[in-house]
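These are my notes from a first look around this structure.

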Amino acid sequence: MHHFLIHMRKPLTGTIFSTLILLSILIGISGCTKTPRSPATVAVPSVVTLNVISSLSSTTVQSGGINTNNNGSDILTNGVCYSATNQTPTITDSKTSDAVNLTSSGFVSQLTGLTPSTTYYLRAYATNSGGAGYGAVVKFTTNASGTGVTSTVSTIAGGSTYGYQDGTGAGALLSGPQAMTFYSGNVYIMDAINNAIRTMTPAGAVSTYTNLNLGLVNGPIASALFYGPRSIAFDAQGNAYVADLGNNVIRKITAAGVVSTFAGNGTYGYVDGSGAVVEFRSPSGLAVDASGNVYVADRDNNLIREITPAGVVSTIAGYPPQVGGGPIAGYFDGSGTTVYGTAALFNGPTSVAVDASGNVYVADHGNRSIRMISSAGVVTTVAGTPVQKYLVGSPVAISIDATGNLFIADESGRILEITAAKVLYTLAGTVNQSGYLNGAGTAALFNDPQGVCVDTQGNVYVGDFNNNVIRKIVVKFQ
């Protein structure tokens with residue numbers, strides 16, 4: 001065999017050698033040649049139009065958007081495009097060009113030079129190397145003149161100092177009025193420092209609804225004890241539900257005046273379920289829907305919880321604390337509560353309200369925003385973002401009327417309204433200005449407004465915490 005191998009290795013002739021070299025070159029060229037690839041397709045940005053506009057006048061408006069699929073790292077431009085004739089405006093129409101924020105996904109757009117009494121169509125846009133992405137279209141009409149709303153602020157109850165006294169007008173004394181609810185002709189007031197729930201007639205006559213002593217005692221309303229009642233809401237049968245913040249429970253007061261513990265065992269924690277296993281962390285806001293379900297702004301858990309009429313508690317929005325961990329705060333629109341990264345995130349929600357369609361609105365205090373949980377459990381931002389620090393400021397309390405108008409107490413000094421047409425108005429006060437002054441609109445001053453509600457006539461009542469009074473705002477739209 002070895003002889004055979006040696007025999008086969010004899011030198012190649014020149015012709016054969018040249019042929020092999022040529023074949024090697026051709027094979028090498030063929031091996032290096034590849035089918036050209038198309039450039040990678042870049043997805044256009046995903047953007048959401050803020051569905052509430054603000055600062056509406058005869059010639060101006062404020063809007064904006066949120067880049068939802070990134071933090072702006074590949075965004076080239078963003079803003080809003082708008083037109084009075086094109087119902088689906090694009091960047092070839094009029095547009096703003098706003099700063100791309102690399103640390104947050106939101107941006108704010110100021111539009112000027114608009115035509116009075118004119119309907120416009122607007123939507124947010126963002127561009128990258130792949131093209132332009134657009135949000136949903138928002139429709140609005142400029143005012144004929146001015147801002148379109150006037151209001152007058154007066155003091156309806158409370159004296160010149162804090163204290164405790166039933167009476168009418170200045171003859172009543174309160175200490176730190178907070179959340180408020182209008183029900184059956186009366187305003188119910190959480191009188192925080194007095195540890196009491198007070199009632200007030202439309203004429204300003206104040207009386208006491210609950211015992212002032214601290215504790216957790218059930219029974220007849222006259223002897224039952226609460227600890228820091230923070231909000232109250234009523235169902236269709238006249239039962240009242242109270243967020244008993246200091247006791248970390250939800251209480252129920254029947255129409256006959258009997259108090260019981262509806263949910264929670266008094267432990268500062270987080271547990272869903274029913275009966276004595278349930279735990280809350282500083283429940284702050286309550287609302288009741290038409291079916292008798294109670295919604296809770298569980299402030300320190302950064303969650304929205306739901307309690308069925310049978311007393312079963314579940315988490316409907318937010319990412320719950322995990323085993324061995326604490327509450328999780330953040331800002332994220334989404335759905336579900338079980339998968340981190342898709343669940344909505346809140347930061348210290350303080351108040352909730354529910355509309356006739358079953359949508360739950362949330363005063364997301366730490367995120368400086370109003371959020372909405374649809375009946376399908378999807379969370380979206382209605383107004384404000386952590387970037388828009390002063391759009392809704394620091395919303396601490398909200399209330400909704402029968403036609404879907406939403407009222408907001410901004411503790412930085414304002415009372416706001418988001419109309420059913422999704423226009424945000426400042427009814428009274430000025431952001432970051434404190435004082436005690438009655439008068440027209442933004443000339444009026446508040447000192448840490450903590451509560452708001454509206455009666456059936458459209459009058460707005462405000463719990464002016466540090467002034468220890470209840471203010472009344474009469475609103476007129478032009």
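This is a predicted model: local features need pLDDT of at least 70, side-chain atom pairs count only at pLDDT 80 or more; totals for chains, interfaces and linings use all residues.

Entry 1: I began with the largest pocket, which holds about 1,000 Å³ of space. Residues are numbered from 1 along each chain as its sequence is written, and side-chain values use heavy atoms, with hydrogens and water left out.

For my own record, the search runs on a 1 Å grid over the protein atoms alone: a pocket is an open set of points with protein on both sides within 12 Å along at least five of seven lines, a cavity is a set where a 1.4 Å probe fits but cannot get out, and lining residues have an atom within 4 Å of a point. Grid points are joined across faces, edges and corners, and a volume is the space filled by probe spheres set on the points.

I looked up the lining next. The largest pocket has 42 lining residues, and Thr181, Phe182, Val354, Ser399 and Ile400 lie nearest its centre. By class I got 24 nonpolar, 12 polar and 6 charged residues. Here Ala, Val, Leu, Ile, Met, Phe, Trp, Tyr, Cys and Pro count as nonpolar, Asp, Glu, Lys and Arg as charged, and the others, Gly among them, as polar.

Which strands each supply at least two residues of that lining? I found strand E12 (177–183), strand E17 (229–234), strand E22 (283–288), strand E26 (349–354), strand E30 (395–400) and strand E35 (449–454). Strands (E, at least two residues) are DSSP runs, numbered from the N terminus.

**Entry 2: Ser399.** I picked one of the residues nearest the pocket's centre, Ser399. Ser399 is found in strand E30. Ser399 counts as buried because its relative accessibility is 13%; buried means under 20% relative accessible area, exposed over 50% and partly exposed in between (1.4 Å probe, protein chains only). Neighbours within four places in sequence aside, Ser399 is in contact with Ala353, Asn405, Leu406, Phe407, Val452, Cys453 and Val454. Contact means heavy atoms within 4.5 Å.

**Entry 3: the cavity.** How many cavities of 30 Å³ or more does a search of the whole structure find? I got 1. The largest cavity has a volume of about 40 Å³. Its lining is made of Tyr361, Ile400, Gly404, Leu406, Ile418, Thr419, Ala420 and Lys422, which I sorted into 5 nonpolar, 2 polar and 1 charged.

**Entry 4: a sheet.** I followed an open sheet of 5 strands in the order E21-E25-E24-E23-E22, with antiparallel pairing. Its edge strands are E21 (273–274) and E22, each pairing on one side only. Two strands pair if DSSP finds at least two bridges between them.

At the E22 end, 5 bridges join E22 to strand E23 (residues 294–298), and the two run antiparallel. Val288 stands opposite Val294 in E23. E22 and E23 form a hairpin with 5 residues between them, and Gly292 in the turn has a positive phi of about 90°. I noted that E22 is mostly covered, with 6 of its 6 residues buried.

Further along, strand E24 (residues 303–307) and strand E25 (residues 312–317) pair antiparallel over 4 bridges. I found Thr315 in E25 as the bridge partner of Arg305.

**Entry 5: two buried residues.** Asp191 sits in strand E13 (residues 186–191). Is Asp191 buried or exposed? Asp191 counts as buried, because its relative accessibility is 0%. The side chain of Asp191 makes a polar contact with the side chain of Arg198 at 2.6 Å. (A polar contact is a pair of N or O atoms within 3.5 Å; within protein, one must be able to donate a hydrogen and the other to accept it, and residues adjacent in sequence count only if both atoms are side-chain atoms.)

Phe346 lies in the loop between E25 and E26, and it counts as buried at 0% relative accessibility. I checked Phe346 against Gly318: they are 28 residues apart in sequence and 6.2 Å apart in space, C-alpha to C-alpha.

**Entry 6: positive phi.** Most residues other than glycine have a negative phi, so I wrote down two exceptions. Ser184, in the loop between E12 and E13, has a phi near 50° and is exposed, with a relative accessible area of 62%. Arg368 has a positive phi of about 55°; Arg368 is partly exposed at 25%.
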